[in-house]
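User: Please go through this model with me, and begin with the terms your answers rely on.

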Amino acid sequence: MGPGDLSRALAALPLKKDPRLLVGRETFDDAGVYLMSDDLALVQTVDFFAPIVDDPFDFGQIAAANALSDVYAMGGQPLTALNIVAFPTSELPLDVLGEILAGGQEKVHEAGALVVGGHTVVDTELKYGLAVTGRAHPQFLLANAGAQPGDQLVLTKPIGNGILATAGKRGKLAPDAERVMIDTMKTLNGTASRAALAVGSRCATDITGFGLLGHMSHIARASNVTLRVELASVPILPEVREAVRAGFVTDGAKRNGEYLRDLVRWQKGSDEDRAIFHDPQTSGGLAVCINRSEVANYLSRVQGSVVIGEVIERGEVAIEVQ
């Protein structure tokens with residue numbers, strides 16, 4: 001489902017106002033945030049999907065990291081997680097499910113949180129993920145509405161894993177490139193999140209199903225700014241361009257591109273670049289808006305982070321790619 005589809009589906013639902021709801025669905029943020037007290041807010045999210053890699057333990061780790069990322073994207077710390085499983089019992093042995101759950105639990109424990117239960121249904125297609133609850137300080141949140149003109153835009157992981165995963169499913173991805181993709185997806189965004197708060201940022205999002213530009217458009221809308229992206233600065237995983245040239249472009253990328261058609265001005269960029277920038281990601285990095293004076297500090301704290309652009313006053317479009 002693309003961002004345009006989601007917008008149309010949500011449009012029919014009435015919004016209920018409550019001063020305790022600090023972040024709801026209006027701004028397409030990564031998680032909901034609910035005020036409990038002056039110094040405590042709950043962060044809640046849920047995410048699950050079908051396997052994108054063959055190894056069940058790797059899949060469990062990736063799915064868990066992806067779900068935990070939504071809490072980190074809000075500046076929160078995960079506390080508890082509930083497993084969500086759809087499992088084809090007539091087609092797969094139960095030890096596959098055990099490996100998936102073990103991988104997910106290992107990643108949840110790495111985040112300093114606990115798996116406290118879950119829910120499993122029999123289905124024709126395997127799916128796995130987590131519902132995660134975290135905590136945050138209500139005065140120190142990372143939200144889509146926090147970008148300011150003059151901020152630098154930093155990305156903490158390379159993009160393109162949706163394209164590579166598609167190539168991998170067809171047996172067309174080299175083992176070394178697949179390992180880099182998997183390791184990148186399994187990496188938690190906790191360090192990136194804590195560093196953002198430490199340098200005074202109040203705006204971040206994680207790059208997942210709507211692709212790099214789709215999630216950046218949510219920041220632009222919520223903050224009433226334009227994001228200017230330097231095409232050549234955006235880090236891309238190994239062999240992504242080769243995979244695009246071989247025809248491994250996802251339907252999700254096409255839907256994201258349709259949604260973004262009137263929101264992005266491409267001053268540079270080929271069809272290949274557009275396919276990569278629209279590519280739906282799984283457990284992608286954080287895009288963080290940081291005051292220019294703190295960028296060097298942030299880059300020193302988060303390995304692999306790169307400045308990819310800047311925030312400017314709102315213009316005719318949400319995003320400029322140059």
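Analyst: A residue is called buried under 20% relative accessible area, exposed over 50%, and partly exposed in between, with a 1.4 Å probe and protein chains only. The model is predicted, so local features need pLDDT of at least 70 and side-chain atom pairs count only at pLDDT 80 or more, while totals for chains, interfaces and linings use all residues. Residues are numbered from 1 along each chain as its sequence is written, and side-chain values use heavy atoms, with hydrogens and water left out.

User: Where is Ala 198 placed, and how does its accessibility class come out?

Analyst: Ala 198 belongs to helix α6, residues 190–198; helices (H or I, at least four residues) and strands (E, at least two) are DSSP runs numbered from the N terminus. Ala 198 has a relative accessible area of 47%, so it is partly exposed.

User: How far apart are Ala 198 and Phe 140 in space?

Analyst: The C-alpha atoms of Ala 198 and Phe 140 are 9.7 Å apart, although 58 residues separate the two in sequence.

User: What is Leu 213 in contact with, leaving aside its neighbours within four places in sequence?

Analyst: With those neighbours set aside, Leu 213 touches Leu 260, Val 264, Trp 266, Phe 277, His 278, Ile 319 and Val 321, where contact means heavy atoms within 4.5 Å.

User: Are Phe 59 and Tyr 128 buried or exposed?

Analyst: Phe 59 is buried because its relative accessibility is 1%, and Tyr 128 is buried at 1% as well. Phe 49, Phe 59 and Tyr 128 form one aromatic cluster.

User: On to charges. How many salt bridges does the structure hold?

Analyst: The structure holds 16 salt bridges, each being a side-chain nitrogen of Lys or Arg within 4 Å of a carboxyl oxygen of Asp or Glu. One of them joins Arg 241 to Glu 272, with the closest N and O atoms 2.7 Å apart. Arg 241 lies in helix α8 (residues 240–245) and Glu 272 in helix α10 (residues 271–277), so the pair ties together parts 31 residues apart in sequence.

User: Which residue of helix α10, 32 residues from Arg 241, also links to helix α8?

Analyst: Asp 273 of helix α10 makes that link with Arg 241 of helix α8. Their salt bridge has its closest N and O atoms 2.8 Å apart. Arg 245 also forms a salt bridge with Glu 272, at 2.9 Å between the closest N and O atoms. That pair again runs from helix α8 to helix α10, with its residues 27 apart.

User: What are the accessibility classes of Arg 241, Glu 272, Asp 273 and Arg 245?

Analyst: Arg 241 is partly exposed at 25%, whereas Arg 245 is exposed at 58%. Glu 272 is buried at 17%, and Asp 273 is buried at 8%. Elsewhere, Arg 228, Arg 265, Arg 292, Glu 310, Glu 316 and Glu 320 are linked in a network of salt bridges.

User: Now the backbone. What is the phi of Phe 28, and that of Glu 239?

Analyst: Phi is near 55° for Phe 28, a positive value in a residue other than glycine, and near 75° for Glu 239, also positive. Most residues other than glycine have a negative phi. Phe 28 sits in the loop between β1 (21–23) and β2 (32–37) and is buried at 13% relative accessibility. Glu 239 lies in the loop between β9 (225–229) and α8 and is partly exposed at 33%.

Conventions. Phe/Tyr/Trp six-rings, centres within 6.5 Å; stacked < 30°, edge-to-face > 60°.
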